[in-house]
Structures are given as C-alpha cells and as structure tokens.
Amino acid sequence: MSDLLELRRPSSPLIRRRGRASAFLKEFGFGYVLLAPVVLYIVAFQFYPLAETIRLSLFDYSLISGRGMSFNGFGNYKELLLNDSNFWSIFWNSLVWVLGSTVLQFAIAIPAALVLFNKIRLRGLWRGLMMVPWVSPVVIIGIVWKWIYDGHYGLFNHYLKALGIISENIVWLGDEKWVWPALLLTSAWKGFPYITLMMLSGLTGISREMIEAAHMDGASAWQRFVRITLPMLKPIMYATGLVSIVSSWTKFEMIWALTNGGPGYSTSILPTYLYTNSFVYFDLGRGSAIATLSMAIVLILVGVYARTFGRNLE
Amino acid sequence: MSRGKKRFAIGTALMALALAVSGCGSSGESGNANRASGGSAEASAAATGGDAIDWSTVKADIRFVYPGTSEAEKELAEQFKARMKEKYPNINIEYMYLSWTDMEKKLSVMLNSGDVPDLTQTQDVTNLVRLNGLEDLNPYFEREGETLKKEDFLPGTMEYAQEDGKLYAVPNLANSFTLIVNEKMLNEAGMKLEELQTWEDVERAAAAMTKDGKYGFGYPLGTARFAFRVPFTAAYSNDLLLSDTSEGSKSKYLETLQHFKNLEAYQPKAHLTWGYPEMFRAYSNGEVGMIAAGTFFTANVYSINPDIVNVSRTIAYPKGPSGTAAKAPVSNVGIAMFKDGKNKEIAWRLMQEWSSQEFNSTMAAVVNVTAIKSTSLDEIISKAEKAYPKAIEGHKTLLNDFSKLLGESGVPMDKIPGQSEMEVVVQEQMVKLLTDKETVEEAYANIKEGIDKIKAKLE
C-alpha cells in the first residue's frame, strides 16, 4: 500500500527534470539529430579553423625561417598596420574591388532584369544565356578575359582599333590607368547574372495592379520605376548586395587568374595578399594576421552596409 | 608540443587559411593512396640496398608530384608509369601534374597536414628542406651494391641539390638559364651570333631586330617568378647575384637595371603582362628575336611552332660591363623523396629507375641536357628524333649549343632563401623602371630596401 502511495505522490525535482528532458527529447530530439551533422561540420570546419587562425596570428611562425614558432602578441598586426608599406594600398584595392564590383553588377543587373521581365520574344532563351557567365568556372573566365585583354593579340584591342576608337594597342592589365576598370568589368560580367536573377524574382513579386494604377494616374515610366519598382525591390536589393559584398571580398581567383595580384602588389586585394604570405612565402603567422584583419574589415563593411541600407525595409 | 599535435595544429591552420582564401576546395588528385605493402620492404632493404626484396610481390600506390606540364614531358611520365607497371606489376604510380609555380604551395600544405606524397621532381630544394620535407639521400647512395653512384653525375649538378652536406635529390637534368636567339632574325638584321659578346651587343641586336612590328627582346614581366629570372640570368654575366644589395655590388646592380631600361624600347608593350607562355608564343611566332630562357626551350616552343627550333641558337647571356665573362647559371632538375613518405624503399627504387639510361636519355631528349655522365648522347639524339621529328636538326644544334656553353660558361646557380618574396619586389620595381615611373637609382634603392627587409626577416 505504502509503495503505491509513494508512486502516486508528486514526483521529486530530479524526476520532474528527467520527465521534462524526456518530453523535450521526444518532441525535438529527432530535429536535433538531423541538425547535428551540420552543426558538427560548422564547428569543425568553420569555428575551429577560425579560432586557430586567430591564435596563429599571435605567433611569429614562418615555415622557412628555421626559427620555429614563438609567441609574438600583436606583433604581426603592428607590423602590418604600421610598417608594411603594401598593406594600406592593398586595403584600398580591396575596397575598390568590392564596392566597384557590387555597384557595377547592380548597374548592369537592374536594366537587364527589367528587360528580361518584359514579354520579349524567346525570353526563356535570353534568361538562360544570361546565366552563362555566372555558371562558368572563375578561373576559365579569368583566362578567357586575360586573352581578351592581351596587349598584343587581344580581341578588345582588335575591335576597338577596327572601330577607330583607339589607334594603338592598350596593355589593359599592365596599365595603371586601365587595370582596375578592366578587372571590375570582368568581375561585373561574371557576377551580374546572379543579381539579375534575384531582381527578376523581386519583380515577379511586385503587384501589377499597383503599377497599372500609377500608370492610370499619369505616372511616367521613369516615375513608375523610381517611385514604385525600386522601392519595392529594396529588400531584395539589400540582401543581394550583402551577398555580393561578401562574395566579392573573397573572389580571389579572378584577380589571381588575370594579374596574379601584380605587378608587385598593385592589384592585390587582402585575400591575394593572405594567399601570397601564407602559401608562397610560408609565413603563417603573418598570413593568419591578414586573414583575421580581413575578416574584421568585412564584418565592419557589412555592419556599415546594414546600418545604411538595412533600415525601413518593410 | 608533441610532433603529432604540432602537425595537426599546423595542418588545421593551413586548412583554415585555405578556407579563408577560397572556401573549401576539393583536391581530387590527393586522394587516398592505398598503401598496401612496402612497409615490409623497408626494413630488410635498408641493409642490402634493396636486393633482398622480391619486387614482383611488393605492392604500393606511389604518388609522384610531377611539374612537367608540356605535352612531351607528360608523355615521358606516362611512358615511365607504363614501364614500371610492366616491371613491378603491383606498384601503381599516380601523378600529380602541377606547374613548378604551384608545386611548392601544394607540397607545403601536403607536408604539414601529414598527407605526404612519395616522389617529387625538384629544382631548388631550399624551401622543401626548410619545410623539413625531403629525405637525405646520402645513406642510400652509400649502401653497398647500389647502382647509382655520386660520381655518375656532372660536376655542379649534385651541389645544387645539397644543403649542409646532405643530398636531397638525384639530379637528372642540368638546367641552365641562357639567352635564346632567333638566328635568322639576327642575320636579317645584319648581325651574326658570334657578335653577341657584351650587353651592348645585345642592345644593338635588339635595336636592329626591332622593325616592321617585330621586336628584338621579350622580357616577361607579368609573373614575378620570370620578372626576377631574366635579370637574375643576365646579372650572372655581370658578376652579380640579384639578391646581393651590398654597397660593393651597387654599381653592378645599377648597370643591370640600366641594361633592361635600354632594352625596353625594343620590346612589345604587352611584355608587361607576359608570363612564360606568352613570351614563348611571341618568340615562336617570330615576333621577338631574343628571350632569356633555358634548357627547357624546345619542349615549350615545339607545340606552338616547330620551325622556330630550326632557327634558334642559345648562348650564355653575354658579358656585362663589370663582368669577367659570359656566364650561364646551372641548376638541376632532380627527383626526390620525402622524409615522412611511407614507401621510401620503393621510392628509392623508382628514383633509380627514373635515373636509368633508359629514362634519363628520354628526359634529356625532351628537356635537353642530362646530368648523368653515362647517358649516351647518341641515344638522346635518337629519342629526340621521335620527340621532335619536325625540328630535329635545330634541336641537335641546340643540344650542341647547350653542351658547349655548359662546359665553357656554366657556373653553379645560387640558391636564395626568400627568393619568392624578392621576386615580387624586383617585379614591382622593374615595372616602375621600365614604364618611366622611377629612375634607375630609385629602382635600385627600392629593390635594396625590399630585399634587405626580407633578408632581415629570415635571419
């Protein structure tokens, strides 16, 4: 009898906790099991290497100096920020690369999306063809454009001369004045289809009735675009811009294929500088410091972007 | 930190950096070598020079890092693989084809992550030794009954593979940097090859060849490695090592920079962005008359235009104003194995096979000059006829030129710690100098500052 009473008595805190845990596992356990591989992957291949990179950036560690590994505090950062004559020019190059690529991609993508949104003949085909640069491997595109820009045999010079625009070949990738426009054009060509695609999806979501109502009220095409279409596209432009900034920041292969970041470091960006220091000069401490700074800078950039463009999106 | 932990940490850090640069890329070629046996071969072979092993039963997958990217070099590699398969049926060779430029980067990651290949071709072993990657081959050479002897190699070639008395590679080819001249263009410009004795003569020849859309000289400035190599080659003939920024060498340095400044007028503007492929293409098409290249010349131009081989000659880069004589720096292309390789005895066996008359003569037929004394010149030429049927006469002439210049003007090539970083410094300043953005003195001052900083860092 007493045993039965004991069983019916309200459970102890430990049993209650066990009961809650059991109920929780019953309700969410399977979901956590499904999530576990991804979480483990992120911890193992994202967070741990990240932490390890930050740790290594605090060491003087060159694989070929023969000195071994020694704690250096913020020595690598101090060296980069205060004594490295290349670092700040490379930092500015990175900003030019990211902002220039993103702005240019939008400048091409928005008109392209508007054209491809209209009921033009063979619209599906044009939409498919538009995606070709985006789905092609970056290195292949880099090599093709390198040939196009070639100062001796290049197609670009050939056609510009044929059209009478230039009389003498320009060494596009070797000329201080032209190298950045050439790089940005290539980057924009490669990246604009993605933004066009996103804009197309945004345009699909805009109410036709609203546009027609504005039309009925006498709004011109430009007014309809500026007052209705663009504001309605703002949320998707914001998200796409964010992705574009981050992907341009790490789009290292394009510059590497076109100029190797040179001559010298004149077209290097932080990821190419990181690659050179780590895998060409084998200075892992310095390379890690560049990686950490690069990560911090892109976070700041994204933060500024979010504050500037991320408000009033509703 | 224990060795295993340290390696794990370095491997992770490298992986983290790689992820930071470009995301998680695949590396199909690094696959999982199935190392079945070979381990049993190691112990017994150490004392006997490998004779006690029944090689027909030894099993292994051997990974061979092979930076021969021309068609002829790839064919040679495949021939070796097939022949070894016949001889050792259970040994599979898996090549990792990479360019010389990419090879060291790949190896650094592989070594530090413990994913060590078995064999590699080498030129400058300095960085691989500093990465603690290569096996000292002295004990292997010293074993009784070994077929490969140190005295089998041409003088100078062995030294290039040594560091602190240890030998890290078996030299296969003598590799030399020289001046390649389109003799036909030179003659048409009114000069003879024998007249190219000094830098002034080179400038004169370049000027004479520059006409009708053709240029006298082609210096590839677009890739740091080659932007450094060309003045490095010329500087030897001015008794200067390009990393020497001492006060005593200043005048030689200034002369070297001035020489390239003088040549600039006789080069296509596009050379600012050229690498070797563009330089070889322009030379092969008869658009430039002289390039600084080397023993690997025929392999690189034959597929573009075989006829160019028949009109090409090679000489040591002529004497500079402060030089005592024309000099050609000689290094080697060799084969090496890794300290932490799991199939070292098999690797050594394959290195011996790779260095045998059969393959060394094929290699020399493709890439020109053997480092092994016993390799027959007749056999090299007969194999070259198969490799370069459309240009065999020209190729024979080049072989003779190389043999002659190596004997008369060959000097051991110096190994420069931190060279990769110095290459970028030199490239940057050469571009500024040749595009009139700075004077010779300013270029020198900036090169000196950059190189001295790198030296201080590595001290």
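This text covers a strand in chain B and a helix pair in chain A. The model is predicted, with local features needing pLDDT of at least 70 and side-chain atom pairs counting only at pLDDT 80 or more, while totals for chains, interfaces and linings use all residues. Residues are numbered from 1 along each chain as its sequence is written, and chains are lettered from A and ligands numbered from 1 in the order in which they are written.

Strand β6(B) spans residues 170–182; strands are DSSP E runs of at least two residues and helices H or I runs of at least four, numbered from the N terminus. In β6(B), 13 of 13 residues are buried (20 or more other C-beta atoms within 10 Å of the residue's own, with C-beta atoms placed from the backbone). Strands pair if DSSP finds at least two bridges between them. β6(B) pairs antiparallel with β10(B), residues 328–337, over six bridges, and there Asn175(B) is partnered with Ser331(B). Five bridges link β6(B) to antiparallel β8(B), residues 288–294, and four link β6(B) to antiparallel β9(B), residues 312–315. Ile180(B) has Ile291(B) as its bridge partner in β8(B) and stands opposite Thr314(B) in β9(B).

In chain A, the axes of α3(A) (residues 75–83) and α14(A) (residues 284–309) come within 9 Å and cross at roughly 70 degrees; axes are lines fitted to C-alpha atoms over the stretch in contact, with angles from 0 to 180 degrees between N-to-C directions. The two helices are therefore roughly perpendicular (65 to 115 degrees). Asn76(A), Tyr77(A) and Leu80(A) of α3(A) meet Gly285(A), Arg286(A), Ala289(A), Ile290(A) and Leu293(A) of α14(A), contact being C-beta atoms, placed from the backbone, within 7 Å.

Notes: A residue is buried if 20 or more other C-beta atoms lie within 10 Å of its own, exposed if 12 or fewer, and partly exposed in between; C-beta atoms are placed from the backbone. Angles under 35 degrees count as roughly parallel, over 145 as roughly antiparallel, 65 to 115 as roughly perpendicular and the rest as oblique. Two residues are in contact if their C-beta atoms, placed from the backbone, lie within 7 Å.
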